[in-house]
Amino acid sequence: MATESSESEEEGKIRGGNDKLIVDDDLREMGKNAAWSVSSCKPGNGVNTLRDDNLETYWQSDGLQPHLINIQFQKKVRLQLVALYVDFKLDESYTPSKISVRAGDGFHNLKEVKSVELVKPSGWVSISLSGTDPRETFVNTFMLQIAMLSNHLNGRDTHIRQIKVYGPRPNPIPRQPFQFTSTEFITYSTLR
Amino acid sequence: MLIFGFVQNPERQRFIRLRDLARSPREKARLLKFPLAARDLLLRDNLTHTHPSFCSPNATAPSLLVQFRRQNMETLLANCVEKNLTQFMFSNAIFLCERLLAQFPSEVNLQLLARCYLSNSQPYSAYYILKGSKTPESRYLFAFSCFKLDLLGEAESALLSTEQVPGGAAGHYLLGLIYRYAGRKNSSIQQFRMALSCDPLCWEAYAELCSLGAAGEASVVFGNVAAQRLQKTNVSQRINFSGGETMDHLIDSDKVSKDTCVWQTEHVSGENQQDLKVKQLGAEIPPDSDKQCNGSSHTNGWDLKTPSPVLTQVLDAPPPMLYKNMRRPEVEGLMYVHGESRRKFMSEEESLEAPEESGRRRSARIAARRKIPLFHSYGKDSHVLHHSPSESNGVPSLSSMIGKCRIQSSKEATTSGQSIGDTGSSVDDEQNSNPRGSSPNPFSLMSGISEVLNLLKILGDGHRHLLMYNCQEALLIYQKLSEKQYNTHWVLMQVGKAYVELQDYFNADSVFTLAHQKSPYALEGMDTYSTVLYHLKEEMRLGYLAQELIAVDRLSPESWCASGNYYSLRKDHEAALKMFRRAIQLNDRFTYAHTLCGHELAALEDFEEAERCYRKALSIDTRHYNAWYGLGMTYLHQEKFEFAQHQFQMALQINPRSSVILCYFGIALHESKRNDEALKMMEKAIVADARNPLSKYFKANILADLGDYHRALEVLEELKDSAPHESSVHALLGKIYKQVKLYDKAVLNFGTALDLNPSPSDTVKIKACMERLTVPNELETEEDL
């Protein structure tokens with residue numbers, strides 16, 4: 001899981017954030033295979049800014065709450081982590097406060113997977129999608145929706161600077177049920 | 001100093017017009033007829049002093065004198081240029097040569113200038129000045145420049161414009177390379193074979209044949225025929241010559257003969273000897289020898305009895321015994337200095353560029369003493385160095401050997417990653433051991449030839465077997481080498497590669513480490529070394545190696561391949577891709593870099609781009625089976641199983657013993673429901689390499705899929721004993737026990753599997769399986785399995 005500076009378990013509140021995004025080795029970013037869309041945006045601050053690896057540019061919504069970011073995949077994928085870059089110091093009332101993460105097959109059957117509240121975040125905030133059950137480490141879904149339910153200081157619109165979505169690495173050997181762990185097996189598993 | 005029409009006053013401050021010197025028409029006429037008379041006039045006018053040029057005896061006709069003086073300037077400049085070239089003072093050489101060419105425009109000087117440009121890595125300049133030249137030497141140089149500039153069509157036409165390819169073995173080799181680059185495999189094979197028949201010591205041609213998969217047996221190629229050829233051409237050198245003898249296809253002899261440099265001409269004559277056709281052991285003057293000397297005042301001066309003391313001495317010295325020890329004393333004195341310096345350069349050259357076998361150098365030294373090869377390095381990326389005319393008849397010249405074996409690192413790094421570095425020590429040994437006083441009698445020559453050829457036989461055999469991927473045989477053959485030869489970088493690289501192909505990465509590691517320690521400057525084959533470290537997951541050593549290599553040479557693709565492998569090991573595929581792309585930028589024909597790019601793109605799941613990269617690698621070298629394997633894997637990932645089968649089949653045609661490829665072929669067959677063949681393939685894989693546990697694992701998997709649980713269990717139990725720390729084995733065992741309803745054993749195995757730290761997704765799977773042990777199979781969703 002991604003490291004977080006602090007998290008209070010009982011209410012799902014996240015304070016602060018990291019400057020650097022640190023993610024486990026066995027996760028990989030899945031956003032490239034997805035179609036990204038937003039519920040509304042101000043011209044010049046569109047959905048591209050969410051994926052441009054530039055923390056200076058941000059998406060600004062322009063409509064009614066809740067503001068939505070939709071991530072749609074072509075096939076069911078396993079997702080484990082969502083990381084957002086938000087900064088209260090820069091965005092103040094535009095900073096989201098309550099965030100709900102929903103998953104499902106499409107717009108019609110999204111179900112909430114996780115709900116967090118951010119308190120003056122400043123940097124990368126990681127939202128883990130795993131449940132307590134070990135079987136629920138991943139969310140296996142076609143679509144993910146991140147809903148900004150409310151902002152700090154009751155702001156109307158929201159700024160998000162960057163988003164990354166992570167899932168497990170696939171088995172490098174195709175068509176095999178399990179991955180190899182010992183060096184001997186791994187050495188013989190590929191030619192280079 | 002007297003230049004036609006002018007004389008310099010003693011203080012050398014100004015030139016005085018001869019006409020002005022003469023006070024009457026009669027004096028004027030006399031002056032024009034006898035320029036030397038200017039001296040008298042100057043004396044009369046108190047304007048002169050004794051000048052060396054006035055002291056020459058035998059001044060006959062003014063034209064001669066003028067010619068002589070012209071020769072002196074030309075000689076001097078040409079001499080100096082040659083000396084600069086041997087001492088790598090290229091800009092000075094270019095400057096002087098340009099003056100030389102401007103003053104005395106001739107084909108020879110043009111070729112000299114082209115050589116200067118090529119030495120200074122300016123093939124474009126050489127290209128422009130040589131455009132349209134017709135003489136064989138010029139055509140060869142022109143073709144070479146075109147080749148450097150990637151103008152293959154022009155290069156080919158330059159070489160083919162007459163029936164005989166200029167440059168002899170070197171020309172054939174160059175033509176072979178051109179055809180290879182253009183993808184014309186059969187023509188290139190033919191050319192390489194011709195190069196070898198012209199000059200059996202053209203190792204590069206043999207290496208190219210090996211990599212094309214068309215090499216003959218080394219014992220045949222470097223066998224008796226070759227020995228005879230070498231012997232004949234070497235013996236023919238000793239036959240007397242008379243000056244001005246040249247052959248059509250001589251290259252440097254022309255250039256050299258036109259120099260009035262004493263030593264060079266003498267050696268040229270020796271070179272001329274070597275160029276006699278093998279059958280003709282007698283001295284001959286080919287009818288067009290004069291043609292070669294046309295337009296050159298030098299050789300004319302040579303033929304005429306010019307009053308040069310040095311030249312007369314040379315002329316007096318019959319056979320130009322270029323063996324040092326056979327020189328006449330007076331000649332020896334003359335030649336010694338020059339020869340010495342040359343030898344020094346030769347040795348430096350050798351240790352710098354180091355042909356692959358120091359044994360070959362011995363015969364080279366024999367050859368070299370006969371004639372001093374005017375070799376120059378054309379910088380790092382010269383395929384073929386200064387060729388000597390003798391190559392046309394297969395005489396081993398040091399230059400040609402160095403030229404041919406100097407596989408420049410970047411341009412021509414073949415997939416086998418041959419290296420040419422050498423330990424300087426072996427060079428010195430050879431040199432010291434060379435008996436200075438040995439007389440070059442036929443017996444020592446023959447023994448020298450046979451030794452060289454024996455060495456080449458071993459190396460050729462080993463190389464051929466390696467490139468046919470008969471790795472065990474190759475290793476055995478290389479063991480036959482003497483310790484001195486074995487410990488050279490190239491041989492160690494070959495041995496290391498053999499281990500790599502056998503998937504014996506530990507041994508490969510030790511060999512490569514040794515080689516790298518011995519020659520840290522030698523970069524050939526270091527890409528393979530980095531792959532070995534990648535397989536062994538030695539992140540630190542790999543990082544260190546990459547840094548070292550980049551420090552040695554930032555511009556070699558091997559260094560960037562090593563850094564790319566480092567990033568790839570850390571799973572930073574984007575960075576690794578960047579590194580490999582840099583390697584490709586540095587040398588577009590570096591096959592392995594393309595393959596590695598493909599691997600990275602496949603890891604990033606960009607399969608289309610990966611395919612493109614693999615195909616590019618294959619377009620450069622069809623026998624690069626790693627690329628076929630890569631293609632097969634991308635198709636497997638994309639579930640295009642028929643395509644995958646085809647790629648693996650192609651890979652197996654090239655390397656039929658690779659158990660990894662056999663395994664994946666089996667998997668592809670299984671996925672296409674050709675299960676019997678799949679199982680057979682797995683059996684083959686198990687036989688091919690008993691140490692590969694995956695073949696058994698995959699076999700068990702297939703059996704389980706087919707429902708043959710008992711056999712699968714047998715195989716897995718066996719595997720479990722030999723590889724107790726592999727979690728997937730236990731997980732699969734658990735799964736199968738579950739299928740046969742032996743739940744206790746299933747639980748046991750799942751537990752062991754979990755203890756062995758599987759990946760998170762596998763952990764999930766295994767835990768899910770455990771929980772559902774009591775649930776009937778139908779209710780399990782696909783993902784759990």
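**Contacts, confidence and backbone details in a predicted complex**

In chain B, contacts between residues at least 6 apart in sequence can be sorted by how far apart the partners lie along the chain, and 61% of them join residues at least 24 apart. This figure, like every other one below, belongs to a predicted model.

The secondary structure of chain B comprises 43 helices and 3 strands. Of its 785 residues, 61% are buried. The accessible surface of chain B amounts to about 31,000 Å², and carbon and sulfur atoms account for 54% of that surface.

For the complex, the predictor reports an ipTM of 0.81 and a pTM of 0.71. Within chain B, the average pLDDT is 76, and 64% of the residues reach a score of at least 70. Over residues 240-364 of chain B, however, the pLDDT is below 50, although the model gives this stretch 279 contacts beyond near neighbours in sequence. A further stretch, residues 370-438 of chain B, has a pLDDT under 50 as well. For residues 370-438, the model contains 266 contacts beyond four places in sequence.

Some details of the backbone also deserve attention. In chain A, the peptide bond that joins A:Gln65 and A:Pro66 is cis, with an omega of about 0°. A:Pro66 belongs to the loop that runs between strand S5 (59-60) and strand S6 (67-79) of chain A.

In chain B, two residues other than glycine have a positive phi: B:Tyr469, with a value near 65°, and B:Lys571, with a value near 70°. Where in the chain does B:Tyr469 lie? B:Tyr469 is found in the loop between helix H24 (442-467) and helix H25 (471-479) of chain B.

Is B:Tyr469 buried or exposed? Its relative accessibility is 6%, and B:Tyr469 therefore counts as buried, since the term applies under 20%. B:Lys571 has a relative accessibility of 39%, so this residue counts as partly exposed.

How values were computed
Residues are numbered from 1 along each chain as its sequence is written. Chains are lettered from A and ligands numbered from 1 in the order in which they are written. This is a predicted model: local features need pLDDT of at least 70, side-chain atom pairs count only at pLDDT 80 or more; totals for chains, interfaces and linings use all residues. Side-chain values use heavy atoms; hydrogens and water are left out. Helices (H or I, at least four residues) and strands (E, at least two) are DSSP runs, numbered from the N terminus. Buried means under 20% relative accessible area, exposed over 50%, partly exposed in between (1.4 Å probe, protein chains only). Contact means heavy atoms within 4.5 Å. Accessible areas come from the Shrake-Rupley method with a 1.4 Å probe; for residues, only the protein chains shown count as cover. pLDDT is the predictor's confidence in each residue, from 0 to 100.
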